[in-house]
Amino acid sequence: MRNLKKSLLNIALICISLIVFVIATPVGILFAIFFIGIVFSLFAMPLLSMPIILYFLGLVSVALLLKNIHLLPSFLQTKRPVWWIAHISLLSLSWWVCWEIISCEYFHLTPTENYLCAMIGVILGVVSVSLPIIIGNTSKSLVEYQNKLIAGIFEKEVAYKAMFVFVIPLLGFSLFSFFFFHNPDYTTDKAIEYTWENRIAAFILTSCIYSICVFIYFMLRFVEYAINTDEVILDRIGKAIEQQKLQKGFSSIYDEYAEVYAQILMKKGKEQSYVGLDKVFKQFSNYVTTIMNENKNNKYSNNNEGSMRYKRFLRNYSQSFFNIWKLVYVDNPAYTYYFSDEYEKIVKSGLENSDREVYESLLLIYQRIAFQITERDAEAIPVAGVIPWQWFFNIVRDNTFDVTKIHSIGIYLFLSMRTIIKMDNLVSFNLFISDIIDNIWNVFSIHYPSSAERNYVIVHKADVMYTLMEYHAILKECREIAPKGGLSGFVSKKFAINSISLIVAMTGAYCLFQKKYKFVHLIFEYNQPKDSNIQYFNQDISPDTIDVLLKWMNDYHIFRGAYFNLWDDHNDGGFWFEQYISLLLYRLYGKRDGKRLTVNCDGKSRQEIEADKINLNKIRDNIKTFSKEMIDECGFSGINRASVILKIDSMINDLTEYQEEALKEQTLDSAKVDGLKEMVNKYIDKDNPWVNVFSTASSESDDPGMIKWCFTIFDKQLMEKSFFAEQNSVIYVGFPHTIAERIILKFAFQIERKLRIFAQLNPMDTNSRNYLTKTNLKEVIRELSGCIVVFINYFKVYDLLCPNDFCSGNDNGPMARIKGGPVVYSVRDRDNVASRLIVFRESDFTMINVQQIKGEVIDLNKKPEKVAELINKSPHWLSRIVSEDQERYLKQRVEIYFEYHFTLHAKVNPEIQLLSNI
C-alpha cells in the first residue's frame, strides 16, 4: 500500500501542477511549482527525476510562451523548440504514469513478451501499412495543383511531423528495447519491484498509445484533405498569410501564395465546382488588397526589383481573374458579376497609387475580355456583354473618384471599345451607348449653379473644358468666387461628362477608320431614333454646338499623345478624328438649329478666331470628300451636302467680319503698353554704345569751360493693335528692341556728326607724335594716354592689341584698357558700314544724360482727328491702300511715339581725331 500511496501522490501532484500552470500568470509561481515538483520527484523516485524534469521544463516553456513570450530567450521565441519540448515532456509524463501503474502492486500487472509483441505490432502496422496508404492518397489530391507550397502545407501538419519525428523513432526504440526484455519471475507473495522489465514495458505501452493517438489525428487530417482539399488549403494559406510579416522588399513568397489561389480557382473552374468559388476569389482579392495597402506609400516601388515583382504580382492576379471569368461566364453568369465586382474594388485601390503602370496592369485585362465576347454571347448573356466597359462607369460614379484621372483610365476604356468594334459586336456597343445616355447623366446630376453664385463666363468655359490644365484653371477661379458654393462641384461634374463625351468621339472616329458606319449611326440615333413615335428627354452624349467641335480641333495636339498612338499602328488617328468632327457638324446642320451653328466669339483673341476659320475650312474640305455610302449608313441621306458647305462658308465670312470689327474695338492692355515703355528704356540704357563710351569721361558738367550738347531724338510708327490688345496672345519677338535700336542709330548719327564737325574745326597738328595714320596706328595708339579710342565697324582691332589689354566680364563696358594708354571701345554701325576711328580725351567730355520725354501708344480708333489728318496727308504707304479701306485700316492700328533727350557737356575746343576707311 505504501507504493500505491506514493504513486497516487505523484500523480495528484502532476495534476495539480497542470491546473496551476494553466491559470498562473506570474512567472515566480511557475518556477516555484517547478521547484516543488523536482523536490518531490527526487525524494519519492530518484530514478524518475530526469523524465519529470523534462516534463516540467516543457510545461514551463509552454506556459511562458503563452503568458510571457517576451521573457523567453530568442531561440525559444519560435514555435519549433517549444513544439519539440512539449512532445518530449508529454512522452516523458506518459512513460512515468505507465511506469507507476505497472509497478504498483495494487494493479497486479504482469507484462509478458506476447503482450509487448502485440503492442509493437500495432506500431508497426501504423508505420508500414497505414502511413504509406494515407500519404499516397493525400498526394493524389494535392498533385493536381503542381505547387511546392501546397505540398509544403501538408508536410507542416502536426500529425505528419509527429508520425515521422516520433512514431517511427519510437518503433525503432521499442524493437531495440524488446531484445532486452525477458519474462520476470513474478510470484503472488512477492511485492512488485521497480525492474528494467517494467521500464521497458512502460516505454512500449507509452509508444503504442502515442502511436494510436497520432494515427487517429493523422487519419482525421487525411479525411479533411481528401474531402475538402480546397477549403483546407485556403485555411492553411490564410493562417500562413496572417503569420507572415510583410517585409520591406516584395518577397517571392507573396507570388507563391497568389499562385495557390490561382490554381485553386482554375481547378474548381475546370471541374465546374462552383460551390465556394466566390469565397476563394474573395479571399484572393483580400490578400491582394492587403499587399496594395502596404504599397500605398510606394513601399515596394522604391527599388527596381521590388517594383517589378509587385507589378508582376498584380498582373498574375489580373490573369487569374481573366482565366476564371473565361471558364464560368457562359455557364454561371452570376459568378461573373461577382468576380467583376471584386476585381473593380482592386482596380479602385490601384488607382490610389500614382504609378500608372500599377493600374495599367489591372485595366488592360478588360481588352482581353472584349476579345472573348461575341455578339451572340452579349445578346444571350447581358452581364457578359457589359464587362469590357462597365468598370469605367462604376469607377467614375464613385463619389471618391479623382476626376483628374478620368483621361488616364479613359484610354483603357477606348482600348476595350476599339476591340468591341473590331469584333463587330454591335450588341455590346449598343449596351455601352445606352448606359452612357440613359444613366450617366442621372448619376452625375448636372445642375447649373443657382443664380446667386452663377458666373456665366465660368459656365461657358466649363461647357468647352476638356483638358486638365483648363480644369485646374477654372476650378481655381471657382474657389475664388465661391469657396463653399456649388460652383466647384458643377465644374468637376462637367469635366467628367465632357471627358466621357470626348472618349465617345474617339470611339466614333475609330468606327470611321474601320468603316463600321452602323456603329456611328447608333451613337447618333440612339437617343432619338427616327422611327420612334415618342420624344426622348435624355441628353445627347455627342456635342450639340459648333464651339465644342472647334475646340476639339484646336486641342488635337493635346489628345494626340493619349489616344491616337493606339490606332492599330497607324499614324493617321488625327485625320479620322477630324473626319468625325466634320460628320458631327453635318449632323448639327440636320437639326436645323441656327444657334448650334453660331460660333461664340466672346472672350476669344484674334488668333483663336483665326484658328476657328482654319478649322472650318478643314471641315468644309472633309465634307466634300464624304462618300455617299458613309452619309447614307450614318443616317444623313436627307441632308443636302451643298447646303452644309454654304452654311460653313457663311460662318467663315461671319468670323472674318467679326475679326475686322473686333480689331477696331479692341481695348489696349495697359500692362502691355507699360511693358513696352519699360523694355525700350532698358534697351536704350543698356545697348546704346555711345552712352557706354562717354561713361568713361571724367569731366564735370559744372566746369566753366564746358558747353552743353543737346540731342532730341524721336521715333513714330504704326502698329497693329492686336499686339497691345487685351486677351490677345500674339507675340512680336524683338519689337521693343527694334524701336530702341532705331532711336539709338539716330542718336549715333547725331553724336558722330557733331564730333566730326569739331574735329574739322580744330584739326590736330600732323607733326604731333600722337597724330594717327593708317601706317602708325598700331604703335601710336598705345601712347594715347588719357584718351578714349572708338573703333567703328573695324573688326581687325584684335590685331592691334595685346592679350593682356582686353577687359572681361562687362559686355557694355570698354573692350580694352591699355596700361599707360587709352581706353578702347569697339562699336558697330548698321547704317554706315564704313570702318573708321574716333579719338578724344576723357577730360574733354562728360557722361551722357538720357531722359525720356514721351512714350505713348495711341489707339487711332479713339482719335478720329488723327485718322482724318493722315488720310488728308495721304502718305506714300497709305496711298497704296484703297481709299475705301483706309479709315478701317488706320482704326485697326495704334501709333507708337517715343521721344528722348540726350545731353552732355564738352570743352569749347575738344581735341578730336578722326580716321576714316581704316
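Colleague: Which residues in helix α18 are buried?

Modeller: They are I387, P388, W389, W391, F392, F393, I395 and V396. Helix α18 covers residues 387–397 and is mostly covered, with 8 of its 11 residues buried. A residue is called buried under 20% relative accessible area, exposed over 50% and partly exposed in between, with a 1.4 Å probe and protein chains only. The model is predicted: local features need pLDDT of at least 70 and side-chain atom pairs count only at pLDDT 80 or more, while totals for chains, interfaces and linings use all residues. Residues are numbered from 1 along each chain as its sequence is written, and side-chain values use heavy atoms, with hydrogens and water left out.

Colleague: What makes a run of residues a helix or a strand?

Modeller: Both are DSSP runs numbered from the N terminus: helices are H or I with at least four residues, and strands are E with at least two.

Colleague: Why is the pair of Y343 and Y366 called edge-to-face?

Modeller: A pair of aromatic rings is described by the distance of the centres and the angle of the planes. Rings of Phe, Tyr and Trp (its six-membered ring) pair if their centres lie within 6.5 Å; planes under 30 degrees apart count as stacked, over 60 as edge-to-face and the rest as tilted. The structure holds 46 aromatic pairs. In one of these, the ring centres of Y343 and Y366 are 5.8 Å apart and the planes stand at 75°, so the pair is edge-to-face. This pair links distant parts of the chain: Y343 belongs to helix α13 (residues 333–351) and Y366 to helix α15 (residues 365–372), 23 residues apart. Relative accessible area is 0% for Y343 and 1% for Y366, so both residues are buried.

Colleague: What kind of pair do the rings of F723 and F724 form?

Modeller: The centres of F723 and F724 lie 4.4 Å apart and the planes are at 70°, so this pair is also edge-to-face. F723 is buried at 14% relative accessible area, and F724 is buried at 0%. The C-alpha atom of F724 is separated by 9.7 Å from that of D859, 135 residues apart along the chain. D859 lies in strand β6 and is buried, with a relative accessible area of 8%.

Colleague: How do you know that two strands pair?

Modeller: Two strands pair if DSSP finds at least two bridges between them. Strands β1 (residues 706–720) and β7 are joined antiparallel over 15 bridges, so they pair. In this pairing E720 stands opposite R893. Strand β6 (residues 849–859) runs antiparallel to β7 with 10 bridges, and Q851 has H901 in β7 as its bridge partner. Strand β7, residues 893–907, has 13 of its 15 residues buried.

Colleague: What makes β3 and β8 the edge strands?

Modeller: An open sheet of 5 strands has the order β3-β4-β2-β5-β8, with mixed pairing. β3 (816–817) and β8 (912–916) are the edge strands, as each pairs on one side only. Strand β5 runs antiparallel to β8 over 5 bridges and antiparallel to β2 (residues 787–792) over 6 bridges. Within β5, I838 is the bridge partner of V790, and L914 in β8 is the bridge partner of I838. Of the 6 residues of β5, 5 are buried, so β5 is largely enclosed by the rest of the structure.
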